[in-house]
Every structure is written in structure tokens, then in C-alpha cells.
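Here are my notes from going through this one, jotted down as numbered points. Keep the viewer open while you read.

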Amino acid sequence: MLNRSARLIRRIVVSTVGVAVLGVGVALLALPGPGFLVIALGFFVLSLEYEWARRQFEQARRKAADLADQAAASVWSSAFTILFGLGMVAVGVAWIVVKTLPFSSPWTGGSMIFGGVVILATILFSLWQAKQARDAGEPTPAELLDREEEQKRHKHMSSTSVSTSTVPPTSSTDG
């Protein structure tokens with residue numbers, strides 16, 4: 001009986017924490033912050049108890065990784081992402097220190113700082129991954145994503161051309 005009760009309590013705690021983290025992640029999609037990363041974290045927590053959450057976690061993880069790889073794909077996007085992350089940290093500090101700013105509080109500033117730090121950590125990790133791949137003579141994660149997208153487009157185009165080529169052409173006669 002105790003084992004069953006403990007399992008039920010664990011399921012309730014995991015569900016509550018997972019849904020709360022998902023809610024924060026969804027809010028961070030509109031607010032400044034790492035929304036997709038927090039959503040992935042929420043699905044990870046829920047995946048401890050639910051199979052459907054494992055599938056969603058994989059999709060959210062891929063989306064977060066895709067965004068990180070795209071940010072690390074070029075020098076300009078990497079530089080912009082780093083500057084944006086540093087800017088979020090600076091704005092967060094300002095929101096804590098300058099009391100006359102609207103919604104000035106440690107909570108608002110702290111969430112901005114947290115978002116900036118997560119963005120910086122993500123871009124630095126993505127840049128490190130790309131360097132490791134280049135040093136090993138392998139394609140970078142962003143290049144792999146580009147190849148995958150190109151293959152999908154090519155596959156879609158070839159399936160479209162096959163379906164249109166099976167329709168016999170119509171001829172018109174001028175009379």
C-alpha cells in the first residue's frame with residue numbers, strides 16, 4: 001500500500017512541477033527569456049512519468065537545438081546572439097538597480113539575467129560543438145541541419161514531380 005501511495009505522490013509532484021515549468025516556458029515565448037529551453041525542461045520533467053511527454057520532449061529539444069545551431073551558423077548571427085545575451089544581462093542588472101524603471105524588481109531583473117545567461121551558455125555550447133565537429137573533419141550541427149532540410153526539399157520536389165508527371169498532358173487544338 002505504501003509503495004502505491006508513494007508512486008501516486010511522485011506522479012502528482014512530477015505533474016505539478018512539469019506543468020508549472022511548461023507554463024513558465026510558454027510565458028517566456030512572449031517575454032524575454034529562453035522559452036523553448038524552459039519548455040523542453042518542462043517536458044523533460046513530465047517525461048519522468050508520461051510517455052507522451054517523452055515524445056514532446058524530443059520535439060522541444062530538437063527545436064531548441066535547431067535554434068541554437070542556427071544562431072551559431074554564421075559569424076554575424078553568433079555575434080548578434082552574444083550581444084543580445086550580454087544586453088539582457090545588462091538590462092536585468094539595470095532593472096534591479098534602477099528603482100524608477102517600470103516593473104523594477106529583483107524578480108524582473110533576475111529573470112532577465114537568467115535569460116541572458118541561458119542564451120550565452122547556449123550559444124557558447126553551440127559554438128563549441130561546431131568547433132569540435134570542424135576539428136574532427138565532420139560537418140557542424142548547423143551543416144547537418146542544412147543538409148537534412150535540403151534532402152527534405154529534394155524529396156518533396158521529387159515526389160511532387162512524380163505525382164504531376166503521372167497526369168497525362170492535355171492538348172489543345174486550335175480550330
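Which residues in H5 are buried?

1. Before we get to that, a reminder that this is a predicted model. The buried set in H5 is made up of Gly 109, Met 112, Gly 115, Gly 116, Val 118, Ile 119, Leu 120, Ile 123, Ser 126, Ala 130 and Ala 133. Worth a look on screen: glycines and a serine sit in that list along with residues such as Met 112 and Leu 120.

2. On to the helix itself. After the helix comes Gly 137, with a positive phi near 75°.

3. Now pick out Ile 113, which is in H5. Ile 113 counts as partly exposed because its relative accessibility is 23%, and the cut-off for buried is under 20%. Setting aside residues up to four places away in sequence, Ile 113 touches Met 88, Val 89, Gly 92, Val 93 and Ile 96.

4. Next, H3. This helix has 21 residues (51-71), so at 1.5 Å a residue it should span 30 Å; the end C-alpha atoms are 31 Å apart, which agrees. Its buried residues are Ala 53, Phe 57, Ala 60, Ala 64, Ala 68, Asp 69 and Ala 71. Keep an eye on Asp 69, a buried residue of H3.

5. What makes up the largest nonpolar core? It has 9 residues: Leu 22, Ile 39, Ala 40, Phe 43, Leu 46, Tyr 50, Ala 53, Phe 57 and Ala 60. Helices H2 (35-47) and H3 are the elements that give two or more residues to this core, and H2 has the largest share, with 4 residues.

6. Leu 46 belongs to that core. Beyond its neighbours within four places in sequence, Leu 46 is in contact with Val 14, Ser 15, Gly 18, Val 19, Leu 22, Trp 52 and Ala 53.

7. Last, the annotation. An unreviewed UniProt entry lists residues 12-30, 36-53, 74-98 and 110-128 under "transmembrane region". In the model, residues 110-128 are 100% helix and 0% strand, with end C-alpha atoms 26 Å apart. Residues 36-53 come out at 83% helix and 0% strand, and their end C-alpha atoms lie 15 Å apart.

Key
Residues are numbered from 1 along each chain as its sequence is written. This is a predicted model: local features need pLDDT of at least 70, side-chain atom pairs count only at pLDDT 80 or more; totals for chains, interfaces and linings use all residues. Side-chain values use heavy atoms; hydrogens and water are left out. The expected span of a helix is 1.5 Å times one less than its number of residues. Buried means under 20% relative accessible area, exposed over 50%, partly exposed in between (1.4 Å probe, protein chains only). UniProt positions are given in the numbering used here, feature names are shortened, and annotations may be inferred rather than shown by experiment. Contact means heavy atoms within 4.5 Å. A nonpolar core is a set of buried Ala, Val, Leu, Ile, Met, Phe, Trp, Tyr and Cys residues joined through side-chain atoms within 4.5 Å.
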